[in-house]
Amino acid sequence: MRLLLEFAELVWPERCLLCQALCVAGPCCAVHALPDALPGPRCPRCAARLADALPDGTECARCRRDPPAFHRALACWDYWAQPAAREHVLAAKHRWREDLVRYLGRRLGGALAQHGVDRPVLVPVP
């Protein structure tokens, strides 16, 4: 079976989910690859971006002043700071790309498992 998959990859190399360029590794080209981490330090409560001078894990002023009803938010990507993530979300949402929906779901599931989330979760989509 593995030999058949390797042959298929030679004949039909994997193409980027967004632009159809050839992929070296993963389902996206270098331009559209989803980042593995959020940029900059983040508030552990709401996942908002903090000033670079603050250490990661510092609670933001808004959460200290008026704590939200939830204990913790987890963000996989920053919609505005990471253009590749924004393009994936927009294509999945507005063009109903089921392949992207499945890919984003797997990445989200991996992030939830990595952070030990084992209870029901509400996931807003921008």
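The buried residues of helix 3 pack against helix 4, which runs over 98–114. Contact here means heavy atoms within 4.5 Å. Buried means under 20% relative accessible area, exposed means over 50%, and partly exposed lies in between, with a 1.4 Å probe and protein chains only. Helices (H or I, at least four residues) and strands (E, at least two) are DSSP runs, numbered from the N terminus.

Before going on, a note on the source. This is a predicted model, in which local features need pLDDT of at least 70 and side-chain atom pairs count only at pLDDT 80 or more, while totals for chains, interfaces and linings use all residues. Residues are numbered from 1 along each chain as its sequence is written, and side-chain values use heavy atoms, with hydrogens and water left out.

Back to helix 3. It covers residues 83–94, 12 residues in total, and spans 16 Å from its first C-alpha to its last. That is close to the expected 16 Å at 1.5 Å a residue, where the expected span is 1.5 Å times one less than the number of residues. Which residues of helix 3 are buried? They are Ala84, Ala85, His88, Val89, Ala91 and Ala92. These residues lie on the same side of helix 3, because they cover an arc of only 165° around the axis. The arc is taken from the directions from the helix axis to the C-beta atoms. As a general point, an α-helix has 3.6 residues a turn, so residues three or four places apart point the same way.

Now the two ends of this helix. Gln82 sits in the loop between helix 2 (61–65) and helix 3. Is Gln82 buried or exposed? Gln82 counts as buried, because its relative accessibility is 8%. Leaving out residues up to four places away in sequence, Gln82 touches Pro35, Ala37, Leu38, Pro39 and Trp77. At the other end, just after helix 3, Trp96 has a positive phi of about 40°.

Next, the charged pairs. Side chains of opposite charge can pair when their charged atoms come close. A salt bridge is a side-chain nitrogen of Lys or Arg within 4 Å of a carboxyl oxygen of Asp or Glu. How many salt bridges does the structure hold? There are 4, and I will go through some of them.

One of them joins Arg107 to Asp36, with the closest N and O atoms 3.3 Å apart. This pair links distant parts of the chain: Arg107 is in helix 4, Asp36 is in the loop between helix 1 (2–11) and helix 2, and they are 71 residues apart. Arg107 is partly exposed at 24%, whereas Asp36 is exposed at 73%.

Another joins Glu98 and Arg102, with 3.8 Å between the closest N and O atoms. Both are in helix 4, and because they are 4 residues apart, about one helical turn separates them. Glu98 is partly exposed at 45%, and Arg102 is partly exposed at 48%.

Arg49 and Asp52 also form a salt bridge, at 2.8 Å from N to O. Arg49 is partly exposed at 40%, and Asp52 is exposed at 60%.

Last, the cysteines. The structure holds 0 disulfides, a disulfide being a pair of cysteine sulfur atoms within 2.5 Å. For Cys43, the nearest cysteine sulfur is that of Cys60, 3.8 Å away. For Cys46, the nearest is that of Cys63, 3.6 Å away. Cys43 is buried at 2% relative accessibility, while Cys46 is partly exposed at 25%.
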